[in-house]
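Work through the exercises below with the structure open beside you. Try each task before reading its solution.

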Amino acid sequence: MISKEIIDEYFSYEKSKGVFIWKKKSGRNTKIGKIAGCKNPNNGYVKIGFLGKTYYLHHLVWFYENGEFPEEGYVIDHIDGDDGNNRISNLRLRYQSENICNSKLRKTSRTGVKGVWWNKRIKKWMVEICANGKRRTKTFFELEEARRYAFKLRQEMHGKFAREF
């Protein structure tokens, strides 16, 4: 079982940067004095392997600062959306549904706005925003109208978790 004492044995914690520095060898890839971890190419999170287990950096930072991992149903949210910014001041505990509201705009977006897409069948712009099990939709002829409505609706439905883009 991991503990703050075990983390302190293997790492120096740099709170201002949100990183751990190796201070004790844990495996052949351990380089004492170097920043621990590598970026997971599948999801962008930094992961650290030691003592036969792999941890996400933001989980270790949360554990180190708070003494426990999140309970079932909770996730650690990067407030600014930057998965590489693991400073404790950028991390907050949220329900998964709240975390989704804070998600980034998809790279495949053609509109540049979350929740706005072109419906080919009806030849209109669709706004579709979901939160707390509720879905709100509305159609528009003009993209700019749809963008304004989506922004207003996300503020209303997602509150402090709404992301502009």
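Rings of Phe, Tyr and Trp pair if their centres lie within 6.5 Å, with the six-membered ring used for Trp. Planes under 30 degrees apart count as stacked, over 60 as edge-to-face, and the rest as tilted. The model is predicted.

**Exercise 1. Aromatic pairs**

Task: Find how many aromatic pairs the structure holds, then classify the pair of Phe11 and Trp22.

Solution. 
- Step 1. The structure holds 14 aromatic pairs.
- Step 2. Take Phe11 and Trp22: their centres are 4.5 Å apart, with 40° between the planes. This pair is tilted.
- Step 3. Phe11 lies in strand β1 (residues 11–14) and Trp22 in strand β2 (residues 19–22), so the pair ties together parts that are 11 residues apart in sequence.
- Step 4. Check burial. Phe11 and Trp22 are both buried.

**Exercise 2. A pair across the sequence**

Task: Classify the pair of Phe20 and Tyr64, and say which elements it ties together.

Solution. 
- Step 1. The ring centres of Phe20 and Tyr64 are 5.7 Å apart. Their planes stand at 80°, so the pair is edge-to-face.
- Step 2. Phe20 lies in strand β2, while Tyr64 lies in helix α2 (residues 57–66). The pair therefore ties together parts that are 44 residues apart in sequence.
- Step 3. Buried means under 20% relative accessible area. Phe20 has 0% relative accessibility, so Phe20 counts as buried. Tyr64 has 13%, so Tyr64 counts as buried too.
- Step 4. Look for a charge. Lys4 lies over the face of Tyr64, at 4.6 Å from the ring centre.
- Step 5. Widen the view. Ring pairs link a cluster that includes Phe11, Phe20, Trp22 and Tyr64. Tyr10 is also one of its members, and Lys24 lies over the face of Tyr10, at 4.8 Å from the ring centre.

**Exercise 3. The open sheet**

Task: Give the strand order of the open sheet, then describe the faces of β4.

Solution. 
- Step 1. Three strands form the sheet in the order β3-β4-β5, with antiparallel pairing.
- Step 2. β3 (38–39) and β5 (53–56) each have a single partner strand, so one side of each is left without a neighbour in the sheet.
- Step 3. Two bridges pair β3 with β4. Here Cys38 stands opposite Lys47. Four bridges join β4 to β5, where Phe50 has Lys53 as its bridge partner.
- Step 4. In a regular strand the side chains alternate between the two faces of the sheet. Along β4, Val46, Ile48 and Phe50 point to one face and are buried.
- Step 5. Turn to the hairpins. Six residues lie between β3 and β4, and Gly44 takes a positive phi near 85°. Two residues lie between β4 and β5, and Leu51 in that turn has a positive phi of about 55°.

How values were computed. Residues are numbered from 1 along each chain as its sequence is written. This is a predicted model: local features need pLDDT of at least 70, side-chain atom pairs count only at pLDDT 80 or more; totals for chains, interfaces and linings use all residues. Side-chain values use heavy atoms; hydrogens and water are left out. Buried means under 20% relative accessible area, exposed over 50%, partly exposed in between (1.4 Å probe, protein chains only). A charge sits over a ring if NZ of Lys or CZ of Arg is within 6 Å of the ring centre and within 35 degrees of the ring normal. Two strands pair if DSSP finds at least two bridges between them.
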